[in-house]
Amino acid sequence: KAYFGPFYGRRLLRIWPAYLCLLLFIFFFIPLLKRIIGGLFLAIPAEPIGIWAFLLMIQNLFPGRLFASSTLPITWSLAIEEQFYFVWPVVIRYASRRIAVPCLVAGFCFLPLLRICATSGGLSPAAIYANPLTHSDGLLCGAAVAIVLRTIRLRRSTILYAGICFFVLGLLLFLFYRPAQNVLQPCSPFLFSSVALVSTGLLLMALVSENLGRFLHRYFFMNKKLEFLGFISYSLYLY
């Protein structure tokens, strides 16, 4: 209770109030305006998925209907995040961290192959894009970084060099294995991997940004405007 309670309590307070306000606006306020005022509000299409799927955070499992929504398709990523939160705390609580990190790395390396198999098996690009089993590269990287930084005392220079290596590797992976016709094609097996590596590299460099020089540290990583955007990023995401 002392472990799971604070974890889920913090995330409940951080994520659900704004999310419930959004659902209330879409599923109750908009239909009410259609009945009372009509006019332009009648042009707003009804949601193809019922509110129950959004309350259970499984809307990403219905990608065909979700991406047909006029207002809520972006919530596929929030659903994946919440599904991850149901599984990962249990793993951290009961699994050895020496086992967890190799499993995370192995899972990250396996994901491109899984996407290739999903594409060959006829899974739609939308399903590949919104499924937690085929779009969890960033979550696996973030979980591995969190474990390593909490269990191993690393020099700041080591963290910096690791960040630069991940960043460059992600860029190279993107350049060499980008889809021939559409650089953002969801079925590209290495697209999500490259984005996750670049993001991981930026995260590690941000943690030791003082070592990158005064200019980058002050005007990029410690930029107040970027910090403000990060502070309101969840609200902007829902908006």
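A polar contact here is a pair of N or O atoms within 3.5 Å; within protein, one must be able to donate a hydrogen and the other to accept it, and residues adjacent in sequence count only if both atoms are side-chain atoms. With that in hand, let us look at this predicted model, in which local features need pLDDT of at least 70, side-chain atom pairs count only at pLDDT 80 or more, and totals for chains, interfaces and linings use all residues. Residues are numbered from 1 along each chain as its sequence is written, and side-chain values use heavy atoms, with hydrogens and water left out.

**Polar contacts and the cap**

| Pair | Distance |
|---|---|
| aspartate 137 side chain, arginine 115 side chain | 2.9 Å |
| serine 69 side chain, glutamate 47 side chain | 2.6 Å |
| serine 96 side-chain oxygen, arginine 98 backbone nitrogen | 3.3 Å |

Helices are DSSP runs (H or I, at least four residues), numbered from the N terminus. Serine 96 caps the N-terminal end of H5. The helix covers residues 97-120, and its end C-alpha atoms are 34 Å apart, in agreement with the 34 Å that its 24 residues should span at 1.5 Å a residue; the expected span is 1.5 Å times one less than the number of residues. A kink of about 35° lies at leucine 111, shortly before proline 112; this bend is the angle between axes fitted to the seven residues ending there and the seven starting there. Just after H5, glycine 122 has a positive phi of about 90°.

Among the buried residues of H5 are Phe108, Leu111 and Arg115, where buried means under 20% relative accessible area (1.4 Å probe, protein chains only). The buried residues of H5 pack against H4, H6, H7 and H9, contact being heavy atoms within 4.5 Å.

Aspartate 137 sits in H7 and is buried, with a relative accessible area of 1%. Beyond its neighbours within four places in sequence, aspartate 137 is in contact with Phe108, Leu111, Arg115, Phe192, Ser193 and Ala196.

**Serine 69**

Serine 69 lies in the loop between H3 and H4 and counts as buried at 8% relative accessibility. Not counting residues up to four places away in sequence, serine 69 touches Glu47 and Pro48. The C-alpha atoms of serine 69 and isoleucine 49 are separated by 8.0 Å, although the two are 20 residues apart along the chain.

**H1 against H4**

The axes of H1 and H4, lines fitted to C-alpha atoms over the stretch in contact, come within 11 Å and cross at roughly 175°. Angles run from 0 to 180 degrees between N-to-C directions, and those over 145 count as roughly antiparallel, so H1 and H4 are roughly antiparallel to each other. The contact includes Trp16 and Tyr19 of H1 and Tyr85 and Phe86 of H4.

Methods
Helix = DSSP H or I, 4+ residues; strand = E, 2+ residues; numbered from the N terminus. Buried < 20%, exposed > 50% of the residue type's maximum accessible area, 1.4 Å probe, protein only. Parallel < 35°, antiparallel > 145°, perpendicular 65-115°, else oblique.
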